[in-house]
There are 4 protein chains.
Amino acid sequence: MKRKLRMGMVGGGKDAFIGAAHRMAARLDGQIELVCGAFSSDAAKSKASGAELFLADDRVYGSYQEMFDKERALPADARMDFVSIVTPNHMHYPVAMAALDAGFPVVCDKPMTLSLEEAKSLADKAKSTGLLFCLTHNYTGYPMVKQAREMVANEQIGKIRRVVVEYPQGWMATLVEESGQKQAAWRTDPSRAGASFTMGDIGSHCANLAEYITGLEIESVCADLTSFVPGRVLDDDGSVLLRMSAGAKGVLWASGIAVGEENALNIRVYGEKGSLEWHQQEPNTLLVHWLDQPIQVLRTSTDFVGASAAANTRLPAGHVEGFIEAFANIYRNFAQTLSQRLDGDRSATGDFPDADDGVRGMAFIEAVVKSSKLNSEWTALK
Amino acid sequence: MKRKLRMGMVGGGKDAFIGAAHRMAARLDGQIELVCGAFSSDAAKSKASGAELFLADDRVYGSYQEMFDKERALPADARMDFVSIVTPNHMHYPVAMAALDAGFPVVCDKPMTLSLEEAKSLADKAKSTGLLFCLTHNYTGYPMVKQAREMVANEQIGKIRRVVVEYPQGWMATLVEESGQKQAAWRTDPSRAGASFTMGDIGSHCANLAEYITGLEIESVCADLTSFVPGRVLDDDGSVLLRMSAGAKGVLWASGIAVGEENALNIRVYGEKGSLEWHQQEPNTLLVHWLDQPIQVLRTSTDFVGASAAANTRLPAGHVEGFIEAFANIYRNFAQTLSQRLDGDRSATGDFPDADDGVRGMAFIEAVVKSSKLNSEWTALK
Amino acid sequence: MKRKLRMGMVGGGKDAFIGAAHRMAARLDGQIELVCGAFSSDAAKSKASGAELFLADDRVYGSYQEMFDKERALPADARMDFVSIVTPNHMHYPVAMAALDAGFPVVCDKPMTLSLEEAKSLADKAKSTGLLFCLTHNYTGYPMVKQAREMVANEQIGKIRRVVVEYPQGWMATLVEESGQKQAAWRTDPSRAGASFTMGDIGSHCANLAEYITGLEIESVCADLTSFVPGRVLDDDGSVLLRMSAGAKGVLWASGIAVGEENALNIRVYGEKGSLEWHQQEPNTLLVHWLDQPIQVLRTSTDFVGASAAANTRLPAGHVEGFIEAFANIYRNFAQTLSQRLDGDRSATGDFPDADDGVRGMAFIEAVVKSSKLNSEWTALK
Amino acid sequence: MKRKLRMGMVGGGKDAFIGAAHRMAARLDGQIELVCGAFSSDAAKSKASGAELFLADDRVYGSYQEMFDKERALPADARMDFVSIVTPNHMHYPVAMAALDAGFPVVCDKPMTLSLEEAKSLADKAKSTGLLFCLTHNYTGYPMVKQAREMVANEQIGKIRRVVVEYPQGWMATLVEESGQKQAAWRTDPSRAGASFTMGDIGSHCANLAEYITGLEIESVCADLTSFVPGRVLDDDGSVLLRMSAGAKGVLWASGIAVGEENALNIRVYGEKGSLEWHQQEPNTLLVHWLDQPIQVLRTSTDFVGASAAANTRLPAGHVEGFIEAFANIYRNFAQTLSQRLDGDRSATGDFPDADDGVRGMAFIEAVVKSSKLNSEWTALK
């Protein structure tokens, strides 16, 4: 890269976890600089957040529309190069559409939209504008997830037969949304979160991870969603049987009521010749079982992992790289691609999730919700 | 106990893993003595097996019928007190029926029979004869499984919401039944194994374990069975959604094609106030998550486990008690109860699985097979 | 084996953990039968213990001398074949000497004696009588310990450079010996336990394990023993630097005051080409690191372990074999050797620790105690 | 903080791991901006490194002396606020002395100097100038290390009896310094690394960590250093017995020849009422054993950790924070203190290691080297 890229942000004011995570991820490698933001729909809050981030006051905006307008009016060597959208789910669509319309490449948190229809519309927009669009399915940024994908692609573990992927959390085990927990409040509100809490917030990560590693597609689902906590509108627990392309089968489950679980995203992939096991909470390790040799423990940054893992690692082995580093890999890979585009390579692409992943994610969520309503009838993803 | 109990055995000749396991389990506490056996339907093989076990030649029989007849004819202070049945599945029913008819209490390997109908008939026989019947769902013999059950019963973790139980194995990932692997041969033959390999052999352990720990019943299932290995008749992989009594939900899966997995029976139980996690391959530990305090690691033989775990442990903490010890707990609890019966307490009962568990197991297997045939329609256990 | 071997026992009355452990170990494989015992120096207690074990009353003796006399007088096809000595440490020497004098092969708990001098005398006696002598350094009975030894012997991990072995326990963190804990009482009494608690009871296991796996000898020690708990006479904690043959170095420590530790015997062995790691509390796993390939996890009963591990395993992979099974391997290997001897092969030997290991253990204990008294001066084992 | 702090850097050119680590750590929280550097003693290399970091060409210097001179000449609102020194060990002393003389606060990598004498001289200089000095014993930046320190300080685990701390690595198991491995080359060269490789590079982390957590001081050491790899000048392995203040004892070892180990810094601290266990390679977990309750697993970002851990965490529980985040805590705590100083609070201090820690580290190294030369004689730290 010849210069740092300039980032704007929509959402991510003071108390928002995910905005701070995006900023740390963008910052880590020193290739991206936050230059402006519309951190809240409340202009005063936005200003206060911007000040905390040492932004010039005239680059902190009261609304995303204002930001896109004013940034577009700045000279090319000052205006933001792309926008990062870290609002609650329901705002992803309008903000991203506006950004693309204004000519800004987009990094957008997931799930991409509230509905499959919106997602398709947004993907079409990205395609028609030719602008880069990155969806932060951040768990695919982990080096050992990339190692797993590479091993499957290289046919090291053979044809995939079974996938088991799960994402249990415990923080929604009681009615926290009623006690002022903002993160919980919007996630359990259909108008802001969409048709499902568990599938939108965490199940979609499972689906994305399963498809990313295996290179297969989830074709149909048989699902049972439940709302366990009295007074909650959306589901807080869900189990899904999977039928994937090439005859693979699977189980996917996600839960917010799994008391004591933190972010226990785990995946196991069983092939004809070997199997892979990865745990997000201990992400530098990939366990490999083989038909014909002992269990292996592959570790980040050792000589025994492939090129894609190596390219997404920063430290020598034994120095844990965690959530922020994985998230930063998404930003880094996006930034490198954007930099190539800015340098004139209009077809440059990179290793980060895009609008198509977003469409698949929304198709998954809609199919799961539909199947559950049909008493677990097998339902195809559209 | 006033004297050692005398055990006869049907099945379990030279190369049978499960027969040897039963004998070690029966032997461990010095309260049971193997006195006779019909180890094979081939009389010469039976004799050879008996000789290896240092049995008197006249107590080694060529058939179970012969054994029951001749043992019955022996004086009361010499004849066997009970029979242990460790044949392939299809023989459980006729041998157990004959044993009960001959007046012998029974320890029987699982699954109890080939069909639910047989199971009910056998349970009726056990009831009508009043003879003790023990089904070796041996995994319930582990102290930390009993601890989990006790904690649920004491309402320590609150109302149960979700159960996740799985039993992956990898030994059937190729067509081993064609290469002389006897264990695989009968388990994949419907006439000897029943309607399902995965559910009969390992899935039924999952179901039993889930019910044992939670005290709930699996009410209906939504299942997807698959036969992955070309040339195999029975399923070798299966996933099941569960609906249990009191509104609990769950996921159960079992597989023979999970390359590299050994006997990874694992269970997690999520309640309103806490959750429990247990792994058969590291059985002396029970992980407990709480809503309002840090994760706890409960360990066998410490001061921090309850009476039922303590009663099923033999060693100080830190000295691993494994599969044989857990299996021996089934035998020990059965033997103590039988001893009480022999001493005249005709209503003595104990902590071991019985014919009712066997019926439930067969109902589970049949419902799963039916649901899978109906493209995963929810199917009630009968 | 042509018949079961007949075992007598000295010590191991009702409340003694180690006596019960020996009996379960002896019993597990159905090749050894307990026929007599002098379970306590109190004749009434001995009788009561014998009755609980279903022994004939005339084979339960009031003293070991009586037992040796009367058993010797029995016909050859009735008398005990060997004696197992499970008394507190101070009685090992006189009982074992008497047993050998009476012509009985011996299985003896460790440490072998109270002093190095006694140990040498006992080893000489074993040699001069030509009788089998087995010292139950039971941790060497674990299959994965044998696997480690085999890998070192086969030069798979190269020349050994460093050994780290430790045995922390927490049960002596307070003055339990004053509160009626019998196990603690004799272990902290120099007249019954010897010159060191930590080194006699648990450190000697470390030393034995390190030598067994590496095939090297501990040549000199630099030690620091401490008695932390006020009012305790013997040490309850000790750290030792090791210099071993062939230039290897090491660290060994053992402690009774490591609060919360159970029996956390762990060993790591670092060679020029690879390294090995084993934990007694998860004994079915051996972790192997290599210079030039990924970490491997070797597991009991898989195809990927060698002959010595395989010969000391009873179950398919994934079914934990624990403390009793490992202990039983010592008994089984002893019994097979004794059986060969009884069949006329007078030079038969087997894979179990013997009197020479006992002498080395006592030399280790004495050198550690001496070094500690000399303010950690390097002290050679004699 | 009112503005970002401006950082200069000495050392840390293109291929240097530690320079990149420092930069990511400084960058993570968006409070520190790299504005200048003397990245190499080779001016061209320095320029090239600066360009990669998007620095203005006139702020990239050919030597640290030039940098200090020219930065001092800049206006106060442009010049660097502090300097980060990330050179090989032998340059720490002259660069840090020059920085302090030029009036710049210092962040310096460890070990602080080549000798205890230098360290004392540098600490005196820091004291006399009144400038902030931070030594990057980065492992103390982990939240669960701070949690451990807080629990000890709060007397939750009682008086400390025993500490076991170790830092095995395997990368030096062969003569890598001869094959162009620059990191290895200077670390094994006494003129650049000091009197000991293992103790200077990794053992000093162990000593610092043990003292940080326990609040005790290492008073004397009994050490055995070894150079295993033929052709290597400095030691590559070392074991140390510790005597600490308040009667605590310990074992410390560090090794570069522990084949297959990555950066396995581990510590266990045993007190009278509880014990603590922490592993750098899984840093978000602190295991706590208690005398009178079950084992607890404390996890970063949960409600069950104290204020100091919470203050050094950025993400919700279950999202791993690793090496960079811990390192960033050192920088953040330093930056906050420096900011307070710049705002006029001249006595502001913070939670980061300082020159006194550096002096203690050098005293530890010198005592270990001396003890080892004296055949492991107990040697006091001066």
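This is a predicted model: local features need pLDDT of at least 70, side-chain atom pairs count only at pLDDT 80 or more; totals for chains, interfaces and linings use all residues.
Residues are numbered from 1 along each chain as its sequence is written, and chains are lettered from A and ligands numbered from 1 in the order in which they are written.

Chain A is assigned domain 1 (5-139 + 327-353) and domain 2 (142-316 + 361-380), with bounds that come from an automatic or database domain assignment. A distance of 26 Å separates the C-alpha centres of domain 1 of chain A and domain 2 of chain A. Their contact draws on 17 residues from domain 1 of chain A and 22 residues from domain 2 of chain A, where two residues are in contact if their C-beta atoms, placed from the backbone, lie within 7 Å. On the domain 1 side of chain A, the residues touching domain 2 of chain A are nine nonpolar, six polar and two charged (Ala, Val, Leu, Ile, Met, Phe, Trp, Tyr, Cys and Pro count as nonpolar, Asp, Glu, Lys and Arg as charged, and the others, Gly among them, as polar).

Turning to the sheets, chain A has an open sheet of five strands in the order 2-1-3-4-5, with parallel pairing. Helices (H or I, at least four residues) and strands (E, at least two) are DSSP runs, numbered from the N terminus, and two strands pair if DSSP finds at least two bridges between them. At the edges are strand 2 (32-38) and strand 5 (133-135) of chain A, each of which pairs on one side only. From one strand to the next, the twist averages 20 degrees. Three bridges link strand 3 (residues 82-86) and strand 4 (residues 106-108) of chain A in the parallel sense; Val83(A) has Val106(A), in strand 4 of chain A, as its bridge partner. Helix 4 (residues 92-101) of chain A packs on this sheet and touches strand 1 (5-11), strand 3 and strand 4 of chain A, its direction making about 170 degrees with that of strand 4 of chain A.

Chain B also has an open sheet, in which five strands pair in parallel in the order 2-1-3-4-5. Strand 2 (32-38) and strand 5 (133-135) of chain B each have a single partner strand, so one side of each is left without a neighbour in the sheet. Strand 1 (residues 5-10) of chain B runs parallel to strand 2 of chain B and is joined to it by six bridges; Gly8(B) has Cys36(B) of strand 2 as its bridge partner.

Helix packing comes next. The axes of helix 9 (residues 197-214) and helix 12 (residues 355-373) of chain A lie 9 Å apart, at an angle of about 120 degrees; axes are lines fitted to C-alpha atoms, for helices over the stretch in contact, and angles run from 0 to 180 degrees between N-to-C directions. Helix 9 and helix 12 of chain A are therefore oblique to each other (angles under 35 degrees count as roughly parallel, over 145 as roughly antiparallel, 65 to 115 as roughly perpendicular and the rest as oblique). Residues making this contact include Gly203(A) and Ala207(A) of helix 9 of chain A and Phe364(A) and Ile365(A) of helix 12 of chain A.

Finally, between the chains, 32 residues of chain A are in contact with 32 residues of chain B. Strand 9 of chain A gives the most to the side of chain A that touches chain B, with four residues. That side of chain A has 14 nonpolar, 11 polar and seven charged residues.
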